[in-house]
Amino acid sequence: MILKVFFLILILSFCCKTLLLGQIYVESPDSIQHAINSAQSGDTIIVRQGVYKEANIKVNKPLTMLGENFPIIDAQGKGYVLEILSDSVTVSGFKFINVEQSYTKDFSAVHVYGVKNFAIVNNVFENPYFAIHIEKSKWGVIAENIIIGNAEKEHNSGNGIHMWHCSRIEVTDNRIEKMRDGIYFEFVKHSSVKRNKSKNNIRYGLHFMFSNDDVYEGNLFENNGAGVAVMFSKKIIMRKNTFRLNWGSASYGLLLKEIYDADIIDNTFEKNTIGVNADGSNRVMFERNNFNGNGWAIKFLGACYGNKLLQNNFMNNAFDISYNGSLNGNVFDKNYWSDYTGYDLDKNGIGDVPYRPIKLFSYIVNRTPETIVLLRSLFVDIINFSEKVSPIFTPDNLKDFHPLMKPVK
Amino acid sequence: MLKILKYGFFDLMRSRWSYIYFLFYLSLGFILLFLNQDVSKAVITLLNIILILTPLIGTLFGVMYYYNSREFTSLLLAQPIKRSNIFLGQFLGIGLSLSLSLVLGLGIPFLAYGLFQSTEIFNFFTLLLIGSFLTLIFLALAFNLALIFDDKIKGFGLAILTWLFFAVIYDGIFLIFMLMFDEYPLDKFALGATIFNPIDLSRILIILKLDVSALLGYTGAVFQNFFGTSFGMFFSLGLLLLWVIVPVIAIVVKSKKKDF
């Protein structure tokens, strides 16, 4: 709330300033850097439509940079395009092309370093190396940008929105395609990622490293190497996101690695090879998620304890849950399982027989992956049934004691 | 041959077994859809039924029909008709009528429940195609067995054993084999072994459509190439066709040599 009021004041103050302070227009052959140098703090620089061949433009005073009809700034492969080195800078309505590709420096179209109160809104980035790179900054908004890259290999491509040591940044309504990571957070705190669409990225749609207390909500992650990777982070809230069509041998909808106290609520995982891959994740709450038609809905690897799965829908997955060991330290309760075959005599909507979500076949596939070709074979159904009757290989106490008869809406 | 085909076809169309078979699929389709209301889920359930039932029915019908019409066949053999025409005609007559029962019996309920509005339409047709293929394959195998054994009991027993072998036992041996040798690279073996079982082959064809996300979970390059491209689909369809052609040729060869 305070954040919002703050930005409102910020935007209002910008509006007032544009009335009070000068507007500087830049036409095509002029230099943008020139205009910035001659401007006073708080001025608005309006860049007219055209192509500007300039690189490493330094914005070193509080300015509002507006583009008319998306003027193109072409860095001609010489370093950064725009460097924001001052507080209170707004950049909006530009198209950035030809950022230098480098193996030693992370060149980007917009580089923000050590500032407060910045806004990067409604810009277009075409084949950037990195698109937006933010370091050691606070109170920022990155919204409605379109970032489309042409990444093919991980080692020589960059991230869409890359943040390092930041806090209180809002990333909303961006569209990011074909980059290495769509959005990358490293040591980023108290930030939010909302309503973005991150597709066809070669590594992750969204990537968290060592970032605590963040929220991501209402995003779409489609056909990425892995939808979202959350690693070594605490207290992340993930709500209402859609993870779709992340296919491949190392592809996950959501990869959890060393995660503590996260909430995963109201998400949809659809047709991924592995919906959620949890490794060393503790005290994670899975609630009201939909798992539809995934290869594996949730795969628990080692050291996952104290997780709770409540009221999720597991529909038509080849495997609902896969476990490595024979110990269970997690709680499964009141989920809907489409494979459940029990009955409900007292008609309270809860099945009278506990459901065992791990099949013997999933244990076999973990051991010998090639056996996957026998999926849905009658013989496999028979051995699954016999394991269900008297469990030997799968964790004995892993049961949903209150399986629902109808899907959670 | 056409005349005999027609005769075999109408003979079965008149018999009540064909109707029972048709009505069974019809009611199965309606009940499944009534209980599920969801075409895509019904398709998965149907997969299991088709993979088990169509081969069984094909085998039983084939053996039964051959032994029941043995006298009529002897009569036909006395006429100036080519032997291959007689047996191929009979084979195609039953095959067509059984496939028709399957396609109509399942097609009508699914059409009534809005198949054309569903995205599953292609999967459903693949399923019907595979069901027809399996009917033909097991019919041909049954004809072969019946041609070899004049003894009814022996023929019946072996036909059912053949079905049991392909439907269950084969996969069991296959699985045990893979678990025993799991230190070796098995991906080529795993794909190779499915070729020798038409039921496995059909299963792979269907799960290529339904569960491809799970199949891609395995890292092997051979699997990736096979399952990740349309090559796998065409390859298995071609093999299924081969599985029909080879036993049919065997019928022709055997019937020529047989002493009636």
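In this tour, Ala, Val, Leu, Ile, Met, Phe, Trp, Tyr, Cys and Pro count as nonpolar, Asp, Glu, Lys and Arg as charged, and the others, Gly among them, as polar. The model you have open is predicted.

**Stop 1: chain A as a whole**

Four helices and 38 strands make up its secondary structure. Along the principal axes, the C-alpha atoms fill a box of roughly 80 × 40 × 30 Å. Chain A has 409 residues, and 55% of them count as buried. Now consider contacts in chain A between residues at least 6 apart in sequence: 46% of these join residues at least 24 apart.

**Stop 2: aromatic rings**

Colour Phe, Tyr and Trp. Over all chains, the structure holds 39 aromatic pairs. To look at one of them, select Tyr80(A) and Phe107(A), whose ring centres are 5.0 Å apart, with 75° between the planes, an edge-to-face pair. Where in the chain do Tyr80(A) and Phe107(A) lie? Tyr80(A) is in the loop between β6 (72–74) and β7 (82–84), while Phe107(A) is in the loop between β9 (95–97) and β10 (108–113). The two are 27 residues apart, and the pair links distant parts of the chain. Both Tyr80(A) and Phe107(A) are buried.

Next select Tyr216(A) and Phe221(A). Why is this pair called edge-to-face? The ring centres of Tyr216(A) and Phe221(A) are 6.2 Å apart and the planes stand at 85°; planes over 60 degrees apart count as edge-to-face. Tyr216(A) and Phe221(A) are also buried.

**Stop 3: a lysine over a ring**

Move to Trp296(A) and show its side chain with that of Lys299(A). Lys299(A) lies over the face of Trp296(A), 4.5 Å from the ring centre.

**Stop 4: two residues with positive phi**

Most residues other than glycine have a negative phi. Select Asn127(A), which is not a glycine but has a positive phi of about 40°. Asn127(A) sits in the loop between β12 (124–126) and β13 (130–135) of chain A. Its relative accessibility is 37%, so Asn127(A) counts as partly exposed.

Then select Arg168(A), where phi is positive as well, near 55°. Arg168(A) belongs to strand β16 (residues 161–172) of chain A. With a relative accessible area of 34%, Arg168(A) is partly exposed.

**Stop 5: the cavities**

How many cavities of 30 Å³ or more does the structure hold? There are two.

For the largest cavity, go to chain B and select Leu191(B), Thr194(B), Ile195(B), Leu201(B), Ile204(B), Phe226(B), Phe235(B), Ser236(B) and Leu239(B), which line it. The elements of chain B that give two or more residues to this lining are α8 (187–195), α9 (198–210) and α12 (231–257). The space inside the largest cavity is about 60 Å³. Its lining has seven nonpolar residues, two polar and no charged.

Select its lining: Tyr323(A), Gly325(A), Ile358(A), Ser362(A), Tyr363(A), Phe393(A), Thr394(A) and Pro395(A). Here five residues are nonpolar, three are polar and none is charged.

Terms used
Residues numbered from 1 in each chain as written. Chains lettered and ligands numbered in written order. Predicted model: local features only at pLDDT ≥ 70, side-chain atom pairs only at ≥ 80, totals over all residues. Heavy atoms only, no water. Phe/Tyr/Trp six-rings, centres within 6.5 Å; stacked < 30°, edge-to-face > 60°. Buried < 20%, exposed > 50% of the residue type's maximum accessible area, 1.4 Å probe, protein only. Lys NZ or Arg CZ within 6 Å of the ring centre and 35° of its normal. 1 Å grid on protein atoms, 1.4 Å probe; cavity = no way out; pocket = protein on both sides within 12 Å on 5 of 7 lines; lining within 4 Å. Points joined across faces, edges and corners; volume = space filled by probe spheres on them. Contact = heavy atoms within 4.5 Å.
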